[in-house]
Amino acid sequence: MELIEINDENAEEFAELINEDMQEDLARTFFRGIGAKDDAGDTKGAIVYELKGSESENDTLSRVHMFEASDEETKKLIMKEYKNNISDEDVTGSFYESSEAGFANDLKSCGFSMQESESLDIIVSTDDIRKVLSALNIKKMPSHIMSLSKASVMQYRGFIKNCLFKGQKGLLEDLAYLPMKWFEREVSSVAVTDDKVDGALLIRKAPSGMLYVGLYVAFGPDYKKNLALLMANSAQKIVEQYPDGTQVLIRRHNDMVRKLTDKIFAGIKGATVFKGERAED
């Protein structure tokens, strides 16, 4: 059995286990992957995880995004290597969230807790977004609200530096390392005041076609108003540029996002998922 470090250059070799969105994520700064192949070169298992908080003063955690092994021996080998690797990264705890019972049970057998609850993620469609636009009834977007494509790289970088200074990364652990082009620039929105970006809703289009909201934040005296306008602008661009059935994933990672989604997407709930965690030495 051979254990292999998985990155964006060899992730396709594990395509039967790792979906295309996650393969792309393996190019990101804090994503890690470990794969196992037998002597014939056949894929036997893999784990993909993401480091959380490794550049902060807080404890470093690891979110396990996928874990699959064809047999007990492979599972133990991969988990042992995972344990060694996260120890080198000073990880104090691991956690997961998944709708897949097999994945959850495999981690449970490796010492993770396991419980069922509602996912932090909700998925909304273009139809849902169209209804929100109708309710907002904004006749004309003010000139300071625009697509990310109309901002300069310098304006974008200045905003990112401000976000990092204020400790605002949204869901993007690697925000400092993501170039402007990583986002879907036509449907991502920014608020520009005095030639500086002071608010943004940044959206990534994954290879699967799913749109992911990565960062949603605004600063300054008009931040509440700008947050509403940023959402309206991106919503308008999505329904204009994407076909019906396009899905947008929103992770309700804090109270502000949860209250907002509860209000504008009332009735849309997260799927029932398995969640668990494990303390690491």
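Which side chains meet in a salt bridge of 2.9 Å, N to O, with D121? The partner is R251: the side chains of D121 and R251 come together at 2.9 Å, counted from N to O. (A salt bridge here is a side-chain nitrogen of Lys or Arg within 4 Å of a carboxyl oxygen of Asp or Glu.) D121 sits in strand β7 (residues 121-125) and R251 in strand β12, so this pair ties together parts that are 130 residues apart in sequence. Buried means under 20% relative accessible area, exposed means over 50%, and partly exposed is what falls in between, using a 1.4 Å probe and protein chains only.

A word on the model itself: it is predicted, so local features need pLDDT of at least 70 and side-chain atom pairs count only at pLDDT 80 or more, while totals for chains, interfaces and linings use all residues. Residues are numbered from 1 along each chain as its sequence is written, and side-chain values use heavy atoms, with hydrogens and water left out.

Back to the charged pairs. The structure holds 18 salt bridges in all. One of them joins the side chains of D25 and R28, at 3.1 Å from N to O. D25 is buried, as its relative accessible area is 10%, and R28 is buried too, at 11%.

Along the chain, E280 and D90 are 190 residues apart, yet their C-alpha atoms are 9.0 Å apart in space. V187 and I34 give another case to look at: they are 153 residues apart along the chain, and their C-alpha atoms are separated by 34 Å. V187 is in the loop between α5 (153-165) and β9, and is buried, with a relative accessible area of 0%.

Next, the backbone. Most residues other than glycine have a negative phi, and most peptide bonds are trans. D90 lies in the loop between α2 (72-88) and β5 (91-98) and is exposed, at 59% relative accessible area. D194 also has a positive phi without being a glycine, this time near 55°. Its place is the loop between β9 (189-193) and β10, and D194 is exposed as well, with a relative accessible area of 73%.

What about N10? N10 is in the loop between β1 (2-6) and α1 (20-25), and at 13% relative accessibility it counts as buried. A polar atom of the N10 side chain lies 3.0 Å from the backbone oxygen of E5. As for cysteines, zero disulfides turn up in a search of the whole structure, a disulfide being a pair of cysteine sulfur atoms within 2.5 Å. C110 is buried at 18% relative accessible area, and C163 is buried at 0%.

Finally, the empty space. Rolling a probe the size of a water molecule over the atoms shows where empty space is left. The second largest pocket has a volume of about 560 Å³. A pocket is an open set of points on a 1 Å grid over the protein atoms alone, where a 1.4 Å probe fits, with protein on both sides within 12 Å along at least five of seven lines; lining residues have an atom within 4 Å of a point. The volume is the space filled by probe spheres set on the points, which are joined across faces, edges and corners. Of the 33 residues lining this second largest pocket, L201, V213, Y216, V257 and L260 are the closest to its centre. Two or more lining residues come from each of α4 (126-136), β10 (196-205), β11 (211-218), α6 (223-241), β12 (247-251) and α7 (255-264). The lining divides into 23 nonpolar, eight polar and two charged residues. In this count, Ala, Val, Leu, Ile, Met, Phe, Trp, Tyr, Cys and Pro are nonpolar, Asp, Glu, Lys and Arg are charged, and the others, Gly among them, are polar.

Notes:
Helix = DSSP H or I, 4+ residues; strand = E, 2+ residues; numbered from the N terminus. Polar contact = N/O pair within 3.5 Å; in protein donor to acceptor, adjacent residues only side chain to side chain.
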